[in-house]
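The structure comes first, the notes after.

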Amino acid sequence: MLKKTTTTTGTGTGTGTGTITGSGGAIISSTTTLLLTSTFLSILLLITLPTPKSTYHSLYTSLSFSDNTTISQNLFTLTRRPHVAGTQANADTATYVLSTLSSYSLNSHFTSYQVSLTYPRSRTLTLTRPPPYDTSTTFDLRQEIYADDPYADVADEVFPSFHAYAKSGTAVGHVVYVNYGRVEDYDTLKAMGVNVSGNIALARYGKIYRGDIVRLAYEAGAVGAVVFSDAKDFGGGGTEGATCFPDDKWMPPSGVQVGSVYGAAGDPTTPGWTSTSDCERLSVDEVEMLGDVPLIPSLPVSAADGDAIIRSIGGQVAKDDWQGGMNAPVYRVGPGPGFLNLSYTGDQVVATIHNVFAVIEGAEEPDRFVLLGNHRDAWTFGAVDPNSGTAALLEVARRLGKLMKRGWRPRRTIIFCNWDAEEYGLVGSTEWVEENREMLASRVVAYLNVDSAVSAAGFHASATPQLDELLKQAAQQVQDPDNSSQTVYDSWISSDDPKIGRLGGGGSDYKPFLQHVGVPSVDMSYGGEYPVYHSMYDDFIWMKKFGDPMFHRHVAVASIWGLVALGLADEEFLPFNYLSYAQELLESAKEFEDKVSSKVISLVPLYKSIDKLEKAAIKINKHIKEIKERRVWPSLWKRNHLEVRELNDRLMMAERAFTDRDGLPGRSWYKHLIYGPSKKNGYGSKSFPGIDDAIEKAKILNSVESWHSVQHEIWRVARVVTDASLVLGGVLT
């Protein structure tokens, strides 16, 4: 037993030299004791302190963890056969994804649904040209196999080109060329004195969602719609000496962009509830009454077929920006004299689809979820859309599995989500969200989406504004795959499109999370639109030759995706910045000033609510900073876990407050009042969509009631923004 004695020398309180006397009389100076104690503590800290999360994050992006070869192998396997939702081939890809995730020691499982899908049974398209030509052409509507196509043996598994959920029926009439089939295009035709009613609309793909092309044709009075992939846009028609795949990236003349024309999300027969084998379902007539499926038949056709139809049209010459590319004929608007007979019959079936999940349970907050999502089903082989994203998802999972073997565990739970039937209308993700809505609303931190991960050079991202900074930080830590002297962020900010977009459109699986539930979300990709989109030429060969020959862009996407997920899963305080959110809302609100300046409309309620949000954001940021500064030794300091948890809950739930139970006017499924799709284009993103829709309607009606509706929508948005500020503030009124 040691006996402690203290001898004080010198002057002044607290100064002196202590000694410790042992039982044998040995005296050890206090200086030596401090050194021994310090050394002991240092050794103890080295033994007991866990590896910092930042070390794992750095390891995640290291060369020893990245693997473009595995990505390439996964993509090759996933795209060996066409795999449309509901087919055995797609069920096989689900099994492959499940087994791959399981091989990384991740807890993986299926969740299946029985959903209403449509497949083509028959379709014909005949063009008749009157004298002096007096000819009739029945198009074969086939995409041609190219020379030495390694997938020729499974080419017959490619579905006949069609529009999912298209109206079955026959349409007969003269052809009217409607450019891209937008509202402004029909306005142009009306000004030219061209009547679309009773005719068949010929539109070219691009600018807006194909479902809106068909819907707007119906609203203009067309009895049918044909949509072609113009060589100007997809076939290199604007480039001197351009050739087509397999020699170049461009769409071959026979290539057809297929896709859905459904205007909503999820199974059309179960709007708002989950699709199971024994659930309630709407009839075909009831679905049509909802207004989300087309009411006229339609078909997608190739550039070659579109060119033949264009050559059959007379009448006035179309505007310069309506014309085709090099070597194209003069585009005229008609009607006719070319005459089309379009017939389409589809089979509606209830098919089984499979979502695949893998879970890494959080060590400290297992009930807080960070979701990473990508869909798996494709219209054909799907090398870009979507399986470049699936390969990237598996790469993120592989790397995180390796981190787990090194001892890493996330603070919060990470869930990998591989969706089915996205191409039909975000069916797999929407059914899952509708089934788990309440739990997701209370527990999900963020949803991180990647669809077509890679199609070309150039990083692109869209997000809800509080995630902007986290995205930028991740991009700053990843080497540009096309220029090793800089980061992805460096090339991004110097590109033609350096901004982070907003997720109002409905182009991918973030839609049910953000627009229906109010979950902070991200969507990212390398490249953008690509020529062979949704055609049978979107195969592994195209990716290997033109999309990403070395698969380094895939590696970069996986790196950024994983870093954002790690930031959300591991940071003690959620890395959300609502101050930038408030600033963006202010800029968006200012855009309405000119639109309502001549009317008795006040934007003051909206401005006041944004000011409240800004003050709440400043206050919570200050609170977090104060907590961090109180900790001299964060690793040893006793932390107030409840205080941290409560602050994080406020940051997480603030986005939910931007939703309203009644949703957008006439579109009640869309609950988010800040970001939503344009009524004129399902791909288009709108800020304050309810206000924007009301203004557009009021401009047409110009009545007291219509402008009163504008003011009402301003008040509605002001209320949800105020609600968000109250959530951030965390104090009851």
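**Core and strands**

Phe-416 and Tyr-424 touch the most other members of the largest nonpolar core, which has 212 residues. Such a core is a set of buried Ala, Val, Leu, Ile, Met, Phe, Trp, Tyr and Cys residues joined through side-chain atoms within 4.5 Å. Helix α18 (residues 552-570) gives this core its largest share, 12 residues.

This is a predicted model: local features need pLDDT of at least 70, side-chain atom pairs count only at pLDDT 80 or more, and totals for chains, interfaces and linings use all residues. Residues are numbered from 1 along each chain as its sequence is written, and side-chain values use heavy atoms, with hydrogens and water left out.

- Beyond neighbours within four places in sequence, Phe-416 is in contact (heavy atoms within 4.5 Å) with residues including Leu-106, Val-356, Leu-372 and Leu-400.
- Leu-400 sits in helix α10 (residues 387-405); helices are DSSP runs of H or I, at least four residues, and strands are runs of E, at least two, numbered from the N terminus.
- Leu-400 counts as buried because its relative accessibility is 0%; buried means under 20% relative accessible area (1.4 Å probe, protein chains only).
- Not counting residues up to four places away in sequence, Leu-400 touches Tyr-60, Ile-360, Trp-408, Ile-414, Phe-416 and Leu-566.

**Strand β15**

- In strand β15 (residues 444-449), 6 of 6 residues are buried.
- β15 pairs with β13 (residues 365-375) in the parallel sense over 5 bridges; pairing needs at least two DSSP bridges.
- Val-370 has Ala-446 of β15 as its bridge partner.
- β15 and β17 (residues 521-526) run parallel, joined by 3 bridges.
- Asn-449 has Asp-523 of β17 as its bridge partner.

Notes. Buried means under 20% relative accessible area, exposed over 50%, partly exposed in between (1.4 Å probe, protein chains only).
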